[in-house]
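Trainee: I am new to this structure and would like a close look at a single part. Which stretch should I start with, and where does the tour go from there?

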Amino acid sequence: MEHALTAEQMRAREDAAIASGAVTLGDLMERAGAALAAEVTRRAPSGDVAIACGPGNNGGDGWVAARLLLEGGRRVCVLSLVAPESLGPPATGAVRAALAAGVPFEVCADGALDALRGSAVIVDALFGFGFHGAMSEAAASIAGAINASGAVVISADMPSGVDADTGAADASAVRAGSTVAFTALKRGLLLHPGASYAGEVVVADIGLPASTTPPDVLEVPGVGDISQVFPWPRPEDHKGARGRVAIVAGSAMYSGAAVLAVSGALRLGAGYVFAVVPETVADVVRAALPAAIVRAVPATHEGSMARVDAVLTAIADADALVVGPGLTTVPSVGEIVHALIRDATVPMVFDADGLNALGGDPSRLDGGRAPIVITPHPGEAARLLGCDVAAITADRAAAAQRLSSDTRTCLVKGPGTIVAGNGRLGIVRAGNAGLARAGSGDVLAGMIGTLLAQGMTPYEAALAAAHLHGRAAEFGTAALTETCFTASDITRFLPDAVREVASG
């Protein structure tokens, strides 16, 4: 499995390798520069190359690339943010070697930006993974010229102006066509908005020895990783072996939420799906999904669920529960949610009104008898953590970790869905704007419920379901466009996503 590192984790790995004598910083700089030069050749095998170099080791990588490209016959010019002699070791060695080879350079000034405008390729080697905060006026001027150049833009390790840990981007950040990530992915290349600045991400091995995986590393599962843990059907399976999922959902106002959640559970292959819904919407679910087993429970006069005992009876033989889609927030729903947390003995997914019933207090999820998966969008996560939505979107990984525990897995929705639980942290790269529709989360909740009922761990069930959900959206929007895709289309294209994982 791939991993994405924070700046601190990357720096610690480099420091450990250097301290052991396995490699020098100069060796790493030479290899990083070679990787940049190779990417220039791959992306644009001809044309002038301009390399914007910063004051640190990332700038040194750029100087190495300039020398190697010149030696390979390319016309190259370096635009340096600072006077080259002001760089410290080992970057100063890279500068001397480049100048000795005849690499021309200019120090950043208004006129020097002309070198960027006439280039076919620009390498952004200003800052790398150490950047945070705001760009200086001089750096922002170079970044602006890069973005306006029309050239092929290649960033070294990180697009300059993007935070390697959170993906936060300065207003003047470089927009790259591709980014060469040295040794490993960085979190900010996967988290938005940074991901939208990175372009194609290429991971380059620059010779750091293998190391143990640090705690809190961000897992980046691929198709093969999901395929290995997915509960594939066996020849001897029967419907009882494929899991019993109870979906506690729906109300007179939101009957569609129950239909969508049940459809997600059915399409992902549950042996039985029990639609536990208020009696006011039972016929809607029966008509929409004849494969579901509808267990109607008494309703309030508003059309919401009314009685705890009826719900507990309806879910008694389930292997997993999904609680929340379309339930509303009337008092009786709160009583049902709290009773399920207290009394249920099978894994549960809480989504939508299942989370709203907590009244912004995540501690109400504690003390239960079974593992729990919660699936908040940023607004719901903000209510649970008592902060504003901007704080969640600025660092969804931190929010997911705060809302998770050894027995609680948290999936925070958004571009690059984050999953945290039992000491693990992962990101789902699949998905697109087609999922920005009411009801898509209901389908996802049902899908997670099926995987829990089939024996997957909560963390792996959430990751796998989110990946399939996102890929179904990608397949579906390719056929229908992101504009015309709807939540009900997710299950239509889910077989394409499952087929892809099966082949992985």
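Mentor: A residue is buried under 20% relative accessible area, exposed over 50% and partly exposed in between (1.4 Å probe, protein chains only). Helices (H or I, at least four residues) and strands (E, at least two) are DSSP runs, numbered from the N terminus. This is a predicted model: local features need pLDDT of at least 70 and side-chain atom pairs 80 or more, while totals for chains, interfaces and linings use all residues. Residues count from 1 along each chain as its sequence is written, and side-chain values use heavy atoms, without hydrogens and water.

Start with helix H14. It spans residues 378-385, and seven of its eight residues are buried. Pro-378, Gly-379 and Glu-380 are buried. The partners are helix H13 (353-356), strand S16 (372-374), helix H15 (389-394) and helix H16 (396-402). Just after H14 comes Gly-386, with a positive phi of about 65 degrees.

Now take Arg-187. Its loop runs between strand S8 (185-186) and helix H7 (194-198). Arg-187 is buried, yet has no salt bridge. That term requires a side-chain nitrogen of Lys or Arg within 4 Å of a carboxyl oxygen of Asp or Glu. Lys and Arg count as positive, Asp and Glu as negative; His and the chain ends are not counted. The nearest side chain of opposite charge belongs to Asp-395, 5.5 Å away. Arg-187 does have neighbours. Leaving out residues up to four places away in sequence, it touches Ala-4, Leu-5, Thr-6, Ala-164, Asp-165, Asp-216, Val-217, Leu-218, Ala-397 and Leu-425.

One of those neighbours, Asp-216, deserves a stop. Asp-216 has a positive phi of about 65 degrees although it is not a glycine. Most residues other than glycine have a negative phi, and most peptide bonds are trans. Asp-216 sits in the loop between strand S9 (200-204) and strand S10 (218-220). With a relative accessible area of 44%, Asp-216 is partly exposed. Thr-328 also has a positive phi, near 75 degrees. Its loop joins strand S14 (320-323) to helix H12 (331-343). Thr-328 is buried, at 13% relative accessible area.

Cis peptide bonds come next. The loop between S8 and H7 also holds Pro-193. The bond from His-192 to Pro-193 is cis, with omega near 10 degrees. Another cis bond runs from Pro-89 to Pro-90, with omega near -5 degrees. Pro-90 lies in the loop between strand S3 (76-80) and helix H4 (91-100).

Is Asp-157 buried or exposed? It is buried, at 3% relative accessibility. Apart from neighbours within four places in sequence, Asp-157 contacts Asn-58, Gly-128, Phe-129, Thr-179, Val-180, Ala-181, Phe-182, Lys-186 and Leu-189.

Terms used:
Contact means heavy atoms within 4.5 Å.
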